[in-house]
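Please keep the sequence and the 3D view at hand while reading.

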Amino acid sequence: MTAAEEAAFREYVVHRMDGLRRLAYLLCGDWHTADDLVSVALLKLMRHWRRVSAMEQPDAYVRRMLLRAWLDERRRPWRREFPAEALPDRAGDPVDVATRLSMLAQLAELPPRRRAVVVLRYFCDLSVEETAQTLGCSSGTVKSQTARALEALRDRLVGVSTVED
Amino acid sequence: MDEIGEALRRAVADPPPSGIEVDALIDRGHRAARRRRWTTAAGVCAAAAVVLLGIASVPALSGPGGVPVGAPGSGSATPSDPGGTPSDWPSGKPYQSPQPPPTWLPTEPAARAVPRLDTAFSRAMSALYAGQPAGRVPVFSPALDGSSWSDGLGGPGVVFFVGGPEAGYKALLRLTDAQGYSTVTVILAPNPPGSKIGCARTDSACQYTVQPDGTAVVRDIVPLTVASADLTGGHMSIVEVLRPDGTHVTIIETSDEIRTDPGTAPGSKGPSHLVRTRPAPTLTLDQLARLAVTAGLTLRP
């Protein structure tokens, strides 16, 4: 990697780090793991930086690597999630806490790929086709996964809205 | 739909400070790249050492009267030096022996040997597939892209290239058909009188036979392995022939290839992969043996 390439890589990382961490957190539900996933994805990106930086949409490539890192991480036995009744308490704005915890709890209950579909479609604002490309599946699969995920999420969010009202 | 997106954004509205330091991350990336380069280099060196050691060790299994490789007078380490390899041989310069070459070394000039060997091998290949439909006959051509064989090809259309009449002759060619291609290496080296070959391993995969005219033939399939665990699983078919005139013919065929990705830095190399270029080698061990015992493939015509 030349000095110019390293400078370009550094600039990309600084500008995208925040968004990637948020995406990783929505996928895994833990900020420490999110940082690990982002590190893994960025190291892979650095390795292939010359090729990726020449792409039209390097962000799509990085998202794909992040998703792959997360799915790989989940396969490791020591990373398997343990069922819990509720997420641990966290300090924060009391108005937002209910929605946030509800959202994270609901996301955590979704199967990995369905969770990824929701995050990519509604957090990253990707189209069905872009989501399918990122996940390496068909558009039909994305649509069906989205429908099932929304069915579960919508009920919970309506419940939260009612409580807030 | 919007409320789900909004809920997701609110869920990550106030992230804690990042635990990732960009400088440390880039340092890690550089370290990993260096480690990959070293691992690849070590793997390639190990593979080359395994192949060369395997080739060199079989003639070394000489029985009574045989001459081990590297021993004085073996001709394998420095054929022109009966006293062994001098430790102060400057690299990159031809070794000037203070003594005349042994009498058993071939005397045919390379300019005459190369086309003769080329013709003999081409005819042997044609004979191997005589009467076969054209579609079942592989096309053989010099594998010009063999970077490890960059010490000079004989020229366009010439299969054999020169290592010298003392060191012998080598060829690297490719057999291509509808199923893919395999790579064949042919090595002709002079051996001193009384040399013997045999199976380097004791398992049943290796076969040693002696023909009525005294030609010894070894057929074997050996693993193509390197230090990296990712590059196991490849195989090489090897046939060795030692003629009564001392010509040692080695033919190696493999349909497994080690490919190295380009690295991120200019001129650097990335990780290596084992690629199967054909479901199986194009030629059987018997076919390789028929090629190796071809009458013209000798250093003493």
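Chain B exposes about 15,400 Å², and carbon and sulfur atoms supply 58% of this area; accessible areas come from the Shrake-Rupley method with a 1.4 Å probe, and for residues only the protein chains shown count as cover. The structure is a predicted model, in which local features need pLDDT of at least 70 and side-chain atom pairs count only at pLDDT 80 or more, while totals for chains, interfaces and linings use all residues. Residues are numbered from 1 along each chain as its sequence is written, chains are lettered from A and ligands numbered from 1 in the order in which they are written, and side-chain values use heavy atoms, with hydrogens and water left out.

**The two chains**

Chain B holds 4 helices and 10 strands; helices (H or I, at least four residues) and strands (E, at least two) are DSSP runs, numbered from the N terminus. Along its sequence the pattern is α-α-α-β-β-β-β-β-β-β-β-β-β-α. Of the 301 residues of chain B, 43% count as buried, where buried means under 20% relative accessible area, exposed over 50%, and partly exposed in between (1.4 Å probe, protein chains only).

Chain A has 8 helices and 0 strands. Of its 165 residues, 45% count as buried. The accessible surface of chain A is about 8,900 Å², with 52% belonging to carbon and sulfur atoms. Among contacts in chain A between residues at least 6 apart in sequence, 63% join residues at least 24 apart; contact means heavy atoms within 4.5 Å.

**Inside chain A**

Val62(A) lies in helix H4 (residues 58–75) of chain A. This residue counts as buried because its relative accessibility is 1%. Leaving aside residues up to four places away in sequence, Val62(A) touches Tyr12(A), Leu20(A) and Leu45(A).

Helix H7 (residues 128–135) of chain A has Val128(A), Thr131(A), Ala132(A), Thr134(A) and Leu135(A) as its buried residues. Seen down the axis of H7(A), these residues fall within an arc of 165°, so they line one face of the helix; the arc is that of the directions from the helix axis to the C-beta atoms. Just after H7(A), Gly136(A) takes a positive phi of about 70°.

**A hairpin in chain B**

Strand S7 (residues 234–242) of chain B is mostly covered, since 8 of its 9 residues are buried. S7(B) runs antiparallel to strand S8 (residues 247–254) of chain B, and 6 bridges join them; two strands pair if DSSP finds at least two bridges between them. Within this pairing, Ile238(B) stands opposite Ile252(B). The two strands form a hairpin with 4 residues between them, and Gly246(B) in the turn has a positive phi of about 95°.

**Where the chains meet**

In the interface, 39 residues of chain A are in contact with 30 residues of chain B. The area buried between the chains is about 3,200 Å², of which carbon and sulfur atoms give 67%; buried area is the accessible area (1.4 Å probe) that two parts lose on being put together, summed over both.

Thr264(B) is placed in the loop between strand S9 (256–262) and strand S10 (269–276) of chain B. With a relative accessible area of 16%, Thr264(B) is buried. Its contacts include Met1(A), Glu5(A) and Arg50(A).

**Salt bridges**

A search of the whole structure finds 11 salt bridges over all chains; a salt bridge is a side-chain nitrogen of Lys or Arg within 4 Å of a carboxyl oxygen of Asp or Glu. Between chain A and chain B the count is 2. The table lists some of the pairs.

| Pair | N to O distance |
|---|---|
| Arg9(B) and Asp125(A) | 3.0 Å |
| Glu5(A) and Arg50(A) | 2.8 Å |
| Asp286(B) and Arg219(B) | 3.1 Å |
| Arg276(B) and Asp256(B) | 2.7 Å |

In the salt bridge of Glu5(A) with Arg50(A), Glu5(A) lies in helix H1 (residues 3–28) of chain A and Arg50(A) in helix H3 (residues 49–53) of chain A, so the pair ties together parts that are 45 residues apart in sequence. Glu5(A) counts as buried at 19% relative accessibility, whereas Arg50(A) is partly exposed at 35%. Finally, Glu6(A), Arg10(A) and Asp23(B) are linked in a network of salt bridges.
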